[in-house]
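Me: I've got a model open and I'd like to learn how to read its packing. Can we go through it together?
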Amino acid sequence: MAKEVTLLDYGAGNVRSIRNAITRLGFTIIDVKDASDIESAKKLIFPGVGAFKSAVENLHEKRLFEPLKKYLQANRPFFGICIGLQLLFEGSDENPGVEGLGIIPGRITKFDVAPLSVPHMGWNGVSLVEREDKCRVLSGDEILYFVHSYCPLRTEKNAEWIATATNYGKVEFISSVQRGNIIATQFHPEKSGLTGVNVLRRFLEDDDVKDVDIKNFSRPTTLRKRVIACLDVRTNDEGDLVVTKGDQYDVRETAKNDPNHPDRKVRNLGKPVALARRYFEEGADEITFLNITSFRESPLQDSPMLRVLEETSENVFVPLTIGGGIRSYTDKTGRKWSALDVANQYFRSGADKVSIGSDAVYCAEDLISRSGKCLGNTAIEEISRVYGSQAVVISVDPRRVFVNSPKDTHHTVLRVSDDDRGPNGEQFCWYQCTVRGGREGRDLDAHQLVKSCETLGAGEILLNCIHKDGTKSGFDIPFIESICNSVTIPVIASSGAGTPQHFSEVFANTTAEAALAAGIFHRKEVPLQSVKAHLQSSGIPTRSAQG
Ligand code: 1PR
């Protein structure tokens with residue numbers, strides 16, 4: 001029998017990874033073009049992307065809503081992912097009044113987990129639920145990647161559908177369903193490493209789970225802390241696209257010890273696609289690419305980041321973030337690009353999230369100047385409306401400004417330790433936002449930036465720190481904790497990692513959900529596996545390096 005599977009891709013978000021996972025499993029994809037493709041499907045995969053409402057509207061617009069409902073009512077082989085699971089329910093609090101497919105009784109509700117962050121983002125387990133038949137694609141041992149702000153909850157009416165449950169804070173939600181030939185998961189198998197690819201394989205090959213350990217039933221699961229590898233990418237003086245790394249954002253060699261020396265070359269630490277693959281194989285939970293020369297004229301055209309994403313996603317099955325140049329601009333041919341157009345290109349090429357730096361600062365300044373009134377037209381609002389807030393990361397590039405007293409500035413200040421005082425013995429500092437890769441400081445502090453961006457709909461904060469970048473002296477813990485306390489969205493601690501202990505320190509002393517490092521991984525000074533092993537031995541929940 002031909003190894004074929006039908007894919008329902010309605011044209012939003014990153015479906016490249018699911019395509020790559022299916023292809024890797026030796027299956028050919030038949031794309032749904034119209035209702036007849038659903039009718040003739042032998043197996044149908046539906047990777048729902050974006051918000052509940054836009055998914056329903058897309059299905060209606062393409063006249064696929066009713067054919068899909070009929071397919072499901074006939075109990076034909078189906079695998080839904082994320083929104084592809086949520087749409088099976090009657091409706092969602094995300095968009096009241098919008099009707100789902102109504103195959104499963106109940107509604108999708110917003111996570112109520114304060115003080116934990118929403119979205120629920122990262123790697124978590126699944127606990128098997130007692131039922132007459134067994135779960136076909138999960139053994140309960142798996143750690144899988146979730147990203148969602150809304151979740152399905154167990155009710156008496158949907159009990160027979162539930163295959164696994166997952167815990168986040170005080171909430172236990174349905175993480176997968178199964179009835180007859182219909183399977184759907186809240187997690188993303190295509191982003192869950194080789195473990196997730198294997199979940200898809202079981203569905204495609206009808207290779208049901210054989211042995212299940214009794215301990216995998218009805219036990220609480222935990223969200224893991226994430227370790228992220230970050231690749232700063234730019235073209236070097238020879239014209240090659242390279243991964244580079246700065247010391248306090250200066251990416252040129254310092255051997256000559258003269259900042260103006262003509263021989264100061266851009267550091268070359270490797271090729272982006274090959275390095276990303278290495279980090280995936282070593283157990284990175286996510287990979288972030290930053291196009292650090294994006295402030296130049298045409299961010300999409302100047303640097304081949306789309307190709308980097310396409311090639312990376314062929315072999316890397318963990319979430320990919322791309323930053324740099326997510327803004328509106330006019331290219332050399334006179335074509336106008338909105339930030340959403342730029343983001344579209346990246347999502348279609350394999351990115352799961354975009355990270356916005358400079359433009360986020362301008363959006364926050366505008367919001368503050370309007371006394372917090374949202375107009376719905378900023379890059380953050382536009383991208384999060386279409387792709388969901390979880391797809392919008394804000395990259396913060398703050399520089400410390402020292403002051404003698406909190407009275408000397410209207411910005412939020414932190415007291416510095418005695419051995420970290422300013423050049424004139426100042427005891428306080430505020431964290432000034434910069435744009436253009438740290439080149440220009442603005443009259444905005446990092447606390448104002450993150451709060452404004454959360455209001456505008458951002459889903460995560462990537463918190464860099466210029467004075468720590470590349471120093472290997474550890475993360476700026478008081479600053480990170482202070483920012484974590486200012487927002488309810490997840491914070492990624494970044495800049496300064498030098499040892500595995502620095503990771504356990506940041507997780508023990510702050511509520512950051514992820515920690516990111518660059519230099520130590522690129523230079524192979526600290527293997528990613530040793531960070532994971534150290535976190536595990538320190539009792540910090542993390543996904544093992546083997547996935
Ligand atoms: O402003 O939206 O076009 O985005 C530009 C992006 O490029 C921003 O995310 C900005 O942080 C990044 N960027 C610009 N210039 C530089 C530079 O280094 N010259 N890189 C730069 C920033 C910082 C970190 C780094 C951590 C960890 N890189 O992400 O990876 O500090 O480093 P470490 O573990 O070695 O200490 P826009």
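Me: Leaving aside neighbours within four places in sequence, which residues is I45 in contact with?

Reply: Keep in mind that this is a predicted model. Once neighbours within four places are set aside, I45 is in contact with V5, T6, L7, L8, I18, I22, F79, I81, L200, F203 and L204.

Me: Which residues have the most contacts inside the largest nonpolar core?

Reply: The general idea: in soluble globular proteins, nonpolar side chains tend to be buried together. Here the largest nonpolar core has 164 residues, and I45, I287, I383, I394 and F503 have the most contacts inside it. Helix α10 (residues 339–348) gives the most to this core, with six residues.

Me: Where does this core lie relative to domain 1 and domain 2?

Reply: Between them, because domain 1 (4–216) and domain 2 (226–537) both give residues to it. Another core, of nine residues, lies apart from it, and I228, C230, V393 and L516 are among its members.

Me: Back to T6: is it buried or exposed?

Reply: The cut-off for buried is under 20% relative accessible area. T6 has 4%, so it is buried. T6 belongs to strand β1 (residues 4–7). Its contacts beyond four places in sequence include I30, V32, D37 and I45.

Methods: Residues are numbered from 1 along each chain as its sequence is written. This is a predicted model: local features need pLDDT of at least 70, side-chain atom pairs count only at pLDDT 80 or more; totals for chains, interfaces and linings use all residues. Side-chain values use heavy atoms; hydrogens and water are left out. A nonpolar core is a set of buried Ala, Val, Leu, Ile, Met, Phe, Trp, Tyr and Cys residues joined through side-chain atoms within 4.5 Å. Buried means under 20% relative accessible area, exposed over 50%, partly exposed in between (1.4 Å probe, protein chains only). Helices (H or I, at least four residues) and strands (E, at least two) are DSSP runs, numbered from the N terminus. Domain bounds come from an automatic or database domain assignment. Contact means heavy atoms within 4.5 Å.
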